[in-house]
Amino acid sequence: MASKSIQSQMEEYRVKLEKFLYKENAFTNVLAKIESTTKVKRTYVALGAIGFTVIWLIVGYAADFLCNLIGFIYPAYMSVKAIESASKDDDTQWLIYWVVYASFMLVEFFSDIFLSWFPMYFLLKCVFLLWCMAPSQRNGAQIIYNRIIRPWVLRNQSQIDRTISGLTGKATAALGEAQKVAKDAAVGIAADQLTRQVDGSGDEVKKDI
């Protein structure tokens, strides 16, 4: 019974994968060209690429770079498409992804020195990012945002706004002070150069006399 359930799930995933691979987009166009050139079905090409990527993420060089590239390229492309489309739903979807992505990168920055030593860390990180960008209304980004990030931000919104306002005011004051100091320094340098030029002219007049 359990084996039949697993088989049915695998078949369901296979159907979803093939449906995705035959949609018209830049990625599937590349697969179509490979399929027509090699005469190998695009499903097998995609599975081979996935297998190669998995092995690379486990043992390959620059696995961190490859993982971050996977988490950036497709969402960035879809974000541009969302900006150019008339619908605002996809804008919200990818804004949520980038909020979750930035939050994850911030957490990883402070924990990477420990996490990167775990076996298959970059593979698990890649799976996490793929889960976050999955074309579903209940993907990882939606779940994390609605259950963790959104409640925390709404609960602390007033304090966050006050902190941002205070930091903005301090930064504006510091910038104004820096501009004033730079202006005074420039005036001082210009006055010093003018004084030297006048003194030099006076010396030349005395020599002529």
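Reply: Happy to! Let's look at H4, whose buried residues are Ala63, Cys67, Gly71, Pro75, Met78, Ser79 and Ala82; buried means under 20% relative accessible area, with exposed over 50% and partly exposed in between (1.4 Å probe, protein chains only). Before going on, please note that this is a predicted model, where local features need pLDDT of at least 70 and side-chain atom pairs count only at pLDDT 80 or more, while totals for chains, interfaces and linings use all residues. Residues are numbered from 1 along each chain as its sequence is written, and side-chain values use heavy atoms, leaving out hydrogens and water.

Helices (H or I, at least four residues) are DSSP runs numbered from the N terminus, as are strands (E, at least two). H4 covers residues 63-84. With 22 residues, H4 spans 32 Å from first C-alpha to last, close to the 32 Å expected at 1.5 Å a residue, where the expected span is 1.5 Å times one less than the number of residues.

What do the buried residues of H4 pack against? Their partners are H3, H5 (89-115) and H6, with contact meaning heavy atoms within 4.5 Å.

Take H6 (residues 121-133) to begin with: its axis lies 9 Å from that of H4, at an angle of about 5 degrees. Axes are lines fitted to C-alpha atoms, for helices over the stretch in contact, and angles run from 0 to 180 degrees between N-to-C directions. H4 and H6 are therefore roughly parallel; that label is for angles under 35 degrees, with over 145 roughly antiparallel, 65 to 115 roughly perpendicular and the rest oblique. On the H4 side, the residues that meet H6 include Cys67, Gly71 and Pro75, while Phe122, Cys126 and Leu129 are among those from H6. This contact divides into ten nonpolar, two polar and two charged residues. Here Ala, Val, Leu, Ile, Met, Phe, Trp, Tyr, Cys and Pro count as nonpolar, Asp, Glu, Lys and Arg as charged, and the others, Gly among them, as polar.

Now for H3 (residues 42-59), whose axis comes within 8 Å of that of H4 and crosses at roughly 135 degrees. That makes H3 oblique to H4. Thr53, Trp56 and Leu57 of H3 make the contact with Ala63, Leu66, Cys67 and Ile70 of H4. Its residues divide into six nonpolar, one polar and no charged.

Finally, H6 has neighbours of its own: the buried residues of H6 pack against H3, H4, H5 and H7.
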